[in-house]
Amino acid sequence: MDFEFDEAQLNWKNKAKEFAERDVALVVDEVEKKGKFSMELWEKLMEEGLTGVPIPTEYGGAGADHISYVSVIEELSKVSASLGGSLSVHTTLCAQVILKFGNDEQKQKYLPPLAKGEVIGAFALTEPNAGTDVGSMESTAVLEGDDYVLNGRKYFITHATIAGVFIVIAITDPEKGTKGMSAFIVENDAPGLKVGKIFDKMGIRSTEHAEVIMENCKIPKENLLGNEGDGFKISMITLDSGRIGIAAQALGLAEGARDAAVKYANERIQFGKPISRLQAIQWMIAEMEVKITSAKWLTYHAAFLEDAGERFSKEAAMAKLAASTSAVDVTRLAIQVHGGYGYMTDLPLERYYRDAKITEIYEGTSEVQKMVIARSVLG
Ligand SMILES: Cc1cc2nc3c(=O)[nH]c(=O)nc-3n(C[C@H](O)[C@H](O)[C@H](O)COP(=O)(O)OP(=O)(O)OC[C@H]3O[C@@H](n4cnc5c(N)ncnc54)[C@H](O)[C@@H]3O)c2cc1C
């Protein structure tokens, strides 16, 4: 069994690679140091047609498969994990939620601007007291006449400062636990919606994350996604897909760090020869290669299953667990290969290391991935 990209998939991968190397590489350090989302880079991503890769053409997307989409995230993340992660959240956690669970009107209204990237998407599930334990959610949505009125606080929300559309999960029936949660499309100008605390972070600094506050936030009742009570199910299905995107982000940044380490090992002379001739360095490179290759197979296998319409919860969890653990290990080793130079901010190695850590945390921590995998294996 082998995975070969077909021509269309290869075209997407190469397009993203060329874009990342041509337009992103030159500015990524500056953008990360500023710690602000780069609308300029996003607009270039739009020009390349990369903001709606797996969205069907009838809604303004490219209609490509998930393997192509995953390869785009991987290639972008080799250069900027922030940009790769942003694309994953925008596409999988927002546009594809509307694609999978929206009605015709919702799809016609929201998907074209999301697919084109003119509107940026966000997904708001986490709360100050409800992270892994989604069931302790406190945000509520009450139907009053023709509107739902939302109250609550969402935490750590990617794109909160720049999103035009949020998928928000809130409780519509407190008696029913997770079965009483519902999903809503909330526009950023909805009355009563505002951005709260903006978080300063260790890595992926040019992706902005903030608190979203809903105070008697009114949205039309037509913005309910699916039926009342579908919110938990929608969230879990969404996160299954999202985990493949985060695995691709982790994979890409690990490859970026590995490539830098290989180049450096061949160039750096110590004891009269390149350090790549030292067995200690060779072992580190070998370790990186095994981790990256394992992560790659798991990630593309999960994407392949998603394209085939098969179940992929366990495979997505395995891909995310393996790729994120590998990313942290590989970026640490890549710094080691660079010695003191790897610790300095002149080179991107320390950035890769800081960026890698988030992949073990968001869209379900590594512990959660282990729970998903174990449950699936144990039955
Ligand atoms: C940069 C960033 C961006 C994010 N973006 C978004 C976003 O766009 N939308 C969104 O909704 N959320 C977002 N999140 C939230 C993210 O998904 C949560 O942080 C994550 O799910 C963990 O929740 P928590 O932080 O509350 O940790 P907790 O749930 O409090 O976990 C703390 C520790 O306990 C462990 N733990 C908890 N429960 C269990 C258990 N049952 N078994 C074993 N171990 C357990 C965890 O693995 C972790 O190690 C983002 C977070 C960050 C940091």
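Domain bounds here come from an automatic or database domain assignment. On that basis, the shell around the ligand takes at least three residues from each of domain 2 (122-229) and domain 3 (233-378). This is a predicted model: local features need pLDDT of at least 70, side-chain atom pairs count only at pLDDT 80 or more, and totals for chains, interfaces and linings use all residues. Residues are numbered from 1 along each chain as its sequence is written.

**Ligand shell**

- A residue is near a molecule or strand if its C-beta atom, placed from the backbone, lies within 6 Å of it.
- There are 20 residues around the ligand, and Thr126, Gly131, Thr132, Thr158 and Thr365 come nearest.
- Strand E1 (121-124), strand E3 (147-158) and helix H12 (366-378) each supply at least two shell residues. Helices (H or I, at least four residues) and strands (E, at least two) are DSSP runs, numbered from the N terminus.
- E3 gives the most, with three residues.
- The shell holds 10 nonpolar, seven polar and three charged residues. Ala, Val, Leu, Ile, Met, Phe, Trp, Tyr, Cys and Pro count as nonpolar, Asp, Glu, Lys and Arg as charged, and the others, Gly among them, as polar.

**Domains and their contact**

- The chain is divided into domain 1 (7-119), domain 2 (122-229) and domain 3 (233-378).
- The C-alpha centres of domain 1 and domain 2 lie 23 Å apart.
- Their contact takes 23 residues from domain 1 and 17 residues from domain 2. Two residues are in contact if their C-beta atoms, placed from the backbone, lie within 7 Å.
- On the domain 1 side, helix H2 (28-34), helix H5 (81-101) and helix H6 (104-116) are the elements that give two or more residues.
- H5 supplies the largest share of that side, 11 residues.
- The domain 1 side divides into 12 nonpolar, eight polar and three charged residues.

**Nonpolar cores**

- A nonpolar core is a set of buried Ala, Val, Leu, Ile, Met, Phe, Trp, Tyr and Cys residues joined through C-beta atoms within 7 Å. A residue is buried if 20 or more other C-beta atoms lie within 10 Å of its own, exposed if 12 or fewer, and partly exposed in between; C-beta atoms are placed from the backbone.
- The largest core has 67 residues, and Ala247, Ala250 and Ala334 have the most contacts inside it.
- Helix H9 (residues 313-338) provides the largest share of this core, 14 residues.
- A second, separate core of 52 residues includes Val89, Leu93, Leu150 and Met181.

**Helix H4**

- In H4, 14 of the 14 residues are buried, so the helix is largely enclosed by the rest of the structure.
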